Amino acid sequence: MSTNERDLIVGGQAVIEGVMMRTPNAYAVAVRKADGTIVNIAARLPKWSDKYPLLKLPVLRGSAVLVQSMGLGIKALNYSANEAFGDAQEAEGKEVRVALTPAVIEGEGDFAGLTGAVPGLFPVPTEKRAKDEMKKGGTAAAAGSIIFAMIFNILLFVAAPLLLTNALFIGAGWAPAPSASVASTPSVSVAAGSDTTRVNSDSNDAWYSRGWRTVKTYLHPVRPSISFNLIDGLIRMSFFLIMIFSFSLLKDIRRVFEYHGAEHKTVFTWEAGLPLTVENARPQPRQHPRCGTSFLMVVMLVSIALFSVIKFDSLVYNFLVRLALVPLVAGLSYEIIRLSAKKESGWFFKVITRPGVWLQNITTQEPDDQQLEVAIEALKESLKLEPAPGEVGLAPLS
């Protein structure tokens with residue numbers, strides 16, 4: 001194998017009973033069916049950077065990979081669900097239905113959420129589709145799933161941490177509480193003969209009125225600081241870790257994590273210049289620095305820094321700023337991950353991705369030989385569609 005060919009940066013994601021592998025210019029999905037056979041589908045990827053040269057620039061190219069990977073990852077998930085479960089359910093006379101399945105997809109699939117795989121819930125089609133669905137169609141279904149995933153993840157990983165952090169700072173006294181004229185309960189004066197009696201209206205208020213005033217007190221806007229964004233990031237990371245750990249307890253998701261390990265071992269085999277065989281892949285490590293799990297950890301750190309630059313005395317404005325900065329956060333994180341994957345990268349890039357590598361002890365599990373066989377077939381099929389050696393496109397995340 002030539003040196004130029006070996007320079008191709010490959011990556012992938014685990015899907016249901018299978019693996020999607022992506023090379024710079026193509027992708028392939030291999031799935032093991034219920035009868036033990038392996039089916040695959042492969043196609044070349046559109047070169048957005050050829051049509052839009054600006055997408056070749058650093059940071060912007062990361063955002064382009066993000067958008068493309070979101071659609072491709074969900075299509076791969078849908079395809080794998082149909083192939084893995086379709087025949088068994090059709091044999092029983094049942095409709096193929098796997099609705100709102102937890103999609104803890106790693107690697108490229110980590111882009112399937114707000115910033116790329118934040119794990120979410122993705123609708124899997126209720127009718128079996130044709131083998132060539134990924135080549136010809138599925139765009140509308142993928143778009144619907146992307147919209148659903150983005151809304152879900154925006155609420156869980158952007159809005160909820162911001163609101164909780166704001167309430168925590170008010171409740172703990174770390175930020176100025178609303179002024180007495182705003183926070184205090186209004187009172188009214190009642191004349192009774194020559195006496196004036198002040199009656200606190202709070203005693204006559206309905207419970208929902210008192211509750212609403214309490215909510216307004218805790219959501220009094222706090223101007224974000226470094227400590228505010230640090231706690232906001234820790235809450236976001238906690239949500240992510242709780243979700244990952246909870247999903248890891250599910251038997252079906254554990255299978256996905258095993259295929260995730262198979263994907264990483266196969267990528268390591270390729271990067272080591274070894275023939276793509278089960279024997280060569282088996283001893284390889286299952287934690288990869290270019291994994292989407294590491295990407296998400298880098299996103300947490302980058303977001304803490306960027307969110308501290310632009311800040312307002314308004315919860316709405318702070319939320320909109322976080323939303324607007326998501327492409328920039330993703331693009332910068334992508335570049336850090338790329339640099340950390342290079343052998344000559346410095347200690348800083350290796351240290352910043354280390355927490356993500358540790359987390360892969362959960363998001364990857366040791367695969368068996370049959371799972372390695374599926375991952376290897378996916379990579380081989382993708383490599384077959386690569387153009388002449390040396391034409392390297394955007395590097396996907398592992």
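The model is predicted; local features require pLDDT of at least 70 and side-chain atom pairs pLDDT 80 or more, while totals for chains, interfaces and linings use all residues. Residues are numbered from 1 along each chain as its sequence is written, and side-chain values use heavy atoms, without hydrogens and water. Strands here are DSSP runs of E with at least two residues, and helices are runs of H or I with at least four, both numbered from the N terminus.

Next, select residues 38–44, which form strand 4 and pair with strand 3 in the antiparallel sense over seven bridges; pairing requires that DSSP find at least two bridges between two strands. Five residues separate the strands in this hairpin, where Gly 36 has a positive phi near 95°.

Then colour strand 3, residues 26–32. Seven of its seven residues are buried, so the strand is largely enclosed by the rest of the structure; buried means under 20% relative accessible area, computed with a 1.4 Å probe on protein chains only. Ala 26, Ala 28, Ala 30 and Arg 32 point one way, whereas Tyr 27, Val 29 and Val 31 point the other way.

Move on to strand 2, which is antiparallel to strand 3 and joined to it by six bridges. Select Met 20 to find Val 29 of strand 3 opposite. A hairpin of two residues connects these strands.

Finally, inspect two loops. Glu 17, between strand 1 (11–15) and strand 2 (18–23), has a positive phi near 55°. Val 59, between helix 2 (48–51) and helix 3 (60–91), has a positive phi near 75°. Most residues other than glycine have a negative phi.

Notes. Buried < 20%, exposed > 50% of the residue type's maximum accessible area, 1.4 Å probe, protein only.
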